[in-house]
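Good morning, and thank you for coming.

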Amino acid sequence: MAVMGVLRQTGRVLHDALSFVVFSFLDILDLILCFAFKAVDFIVEAEWKPCYCTSGKEAITSSGRILVSEQGESKIVCLTSTRLGLEEISDTLYSRPSLVSEFSKSTINELRRFKVEDKSSTVTVLSSEKNIKKGTTRSTFTVNSSIVEMLRGKIGGQQLYPTSRWSDCDCKFCTRWTTSSKQTLFVRAEGPKDKAKEDVLFVHGFISSSAFWTETLFPNFSNAVKSTYRLFAIDLLGFGRSPKPADSLYTLGEHLDMIEQSVLEPYKVKSFHIVAHSLGCILALALAVKHPGSVKSLTLLAPPYYKVPKGALAAQHVMKQVAPRRMWPLITFGASIACWYEHITRAVCLVICKNHRLWEFLTKLVTQNRIKTFLIEGFCCHTHNAAWHTLHNIICGTGSKLDGYLDSVRDHLKCDVNIFHGRNDELIPVECSYNFQQRVPRAQVKVIDNEDHITIVVNRQEVFARELEDIWRGGDHVVN
């Protein structure tokens with residue numbers, strides 16, 4: 001036993017040393033890619049594109065938003081045709097300390113001196129990066145003229161949806177939303193058009209799509225469910241066939257608004273069950289809290305609920321739990337790259353997402369079309385802007401909100417709450433579901449042996465379809 005203990009300790013030390021070396025290299029690579037992308041952006045789009053290692057406030061305001069900061073909390077001003085509101089953004093977007101982050105910021109700030117500023121029409125807002133971090137110093141910065149036009153009412157509430165960037169895919173599958181007069185999410189709806197008994201909303205997880213449900217569960221529901229239930233599976237904003245606006249920050253409010261505008265309002269959904277996976281669980285909770293009298297049941301798969309220690313910065317804590325900058329397991333390594341490196345992930349999207357048709361073809365060729373490619377489609381069909389902001393603003397940025405959401409579910413919602421989690425899930429640990437149950441005691445947790453983050457559905461679609469039907473009927477469905 002002593003020898004095994006020594007070997008485990010030695011393995012941990014070697015793993016920590018290797019992780020330090022690898023992520024130090026990635027810190028430098030991300031800096032190099034920052035300069036490379038800025039150069040190509042300038043050549044192709046004739047404009048220096050801001051990023052979060054340059055300046056958080058510039059990256060946000062360039063999307064057509066105003067950043068407001070006070071006492072260490074950052075929010076953006078959201079302008080629509082009917083209201084002027086505030087939405088929270090995650091500080092992990094612009095505060096991810098690394099070995100080269102300070103060097104990066106100071107160098108790029110020097111380069112910014114060469115940028116020609118349009119001073120013809122600007123508006124000044126109290127804010128600064130120092131104010132964000134310390135809550136003491138305030139300075140001013142300028143916002144582009146489109147904000148001024150919005151404030152003056154000259155745009156008339158029109159939402160702007162710029163065309164895809166050069167590094168994004170421009171195929172018809174990815175850009176079909178640009179030809180529609182009304183921008184709504186892609187919705188796959190099945191079931192009776194009239195006299196439906198009940199409605200069910202399915203919300204997928206990160207870098208996935210509605211096909212996660214429609215290719216697995218929908219074909220396996222009983223005829224009774226198909227004939228009496230309306231089933232709605234959506235592609236979230238920025239993913240699959242849904243709009244991928246380049247000017248969006250993919251905040252919680254934007255995701256919820258799009259779900260309401262795409263499903264609840266046009267289909268006149270008054271009450272509904274929710275089934276959600278991973279990141280989708282956060283959106284499901286927020287939607288349930290917003291419509292407490294409408295939710296009939298909550299079924300969550302692998303909810304990313306991390307307890308935040310008292311006094312800790314919630315978003316930073318969640319980021320380090322989701323992406324601990326470690327080499328093993330591989331899924332954690334991938335999550336760490338996705339969360340920490342803005343420009344490396346853009347390069348990955350350039351290779352994978354822009355060329356998703358190639359990867360789908362090669363998969364079919366290698367497997368001789370023996371397997372369906374819906375998982376690859378969901379993994380590839382998004383933009384870097386959508387994935388980057390959704391990851392930070394939803395998973396990390398809601399770290400301080402989830403306790404309140406769970407308290408509302410516990411105290412104000414009467415619906416059943418059921419949680420499923422794969423025991424072999426290496427991305428979101430089973431402890432997250434048990435933490436959820438501690439906060440909402442009536443929640444029933446079922447841990448599935450030998451299944452992970454994806455196979456909890458993909459490997460057991462027939463069984464899970466039966467379990468969902470039991471839940472919707474209110475039967476005895478989950479056993480601890």
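The axes of helix α10 (residues 279-290) and helix α16 (residues 384-396) cross at roughly 55 degrees and come within 9 Å. That makes α10 oblique to α16, since angles under 35 degrees count as roughly parallel, over 145 as roughly antiparallel, 65 to 115 as roughly perpendicular and the rest as oblique. Axes here are lines fitted to C-alpha atoms, for helices over the stretch in contact, with angles from 0 to 180 degrees between N-to-C directions. Helices are DSSP runs (H or I, at least four residues), numbered from the N terminus.

This is a predicted model: local features need pLDDT of at least 70, side-chain atom pairs count only at pLDDT 80 or more, and totals for chains, interfaces and linings use all residues. Residues are numbered from 1 along each chain as its sequence is written, and side-chain values use heavy atoms, with hydrogens and water left out.

Which residues in α10 meet α16? Leu279, Ile282 and Leu283 in α10 meet Thr390, Ile394 and Ile395 in α16, contact meaning heavy atoms within 4.5 Å. Five of these residues are nonpolar, one is polar and none is charged (Ala, Val, Leu, Ile, Met, Phe, Trp, Tyr, Cys and Pro count as nonpolar, Asp, Glu, Lys and Arg as charged, and the others, Gly among them, as polar).

I turn to the largest cavity. Its lining consists of Ser164, Asp168, Cys169, Cys174, Trp177, Lys244, His382 and Thr383; a cavity is a set of points on a 1 Å grid over the protein atoms alone where a 1.4 Å probe fits but cannot get out, and lining residues have an atom within 4 Å of a point. By class, that lining has three nonpolar, three polar and two charged residues.

Note on methods: Helices (H or I, at least four residues) and strands (E, at least two) are DSSP runs, numbered from the N terminus. On a 1 Å grid over the protein atoms alone, a cavity is a set of points where a 1.4 Å probe fits but cannot get out, and a pocket is an open set with protein on both sides within 12 Å along at least five of seven lines; lining residues have an atom within 4 Å of a point.
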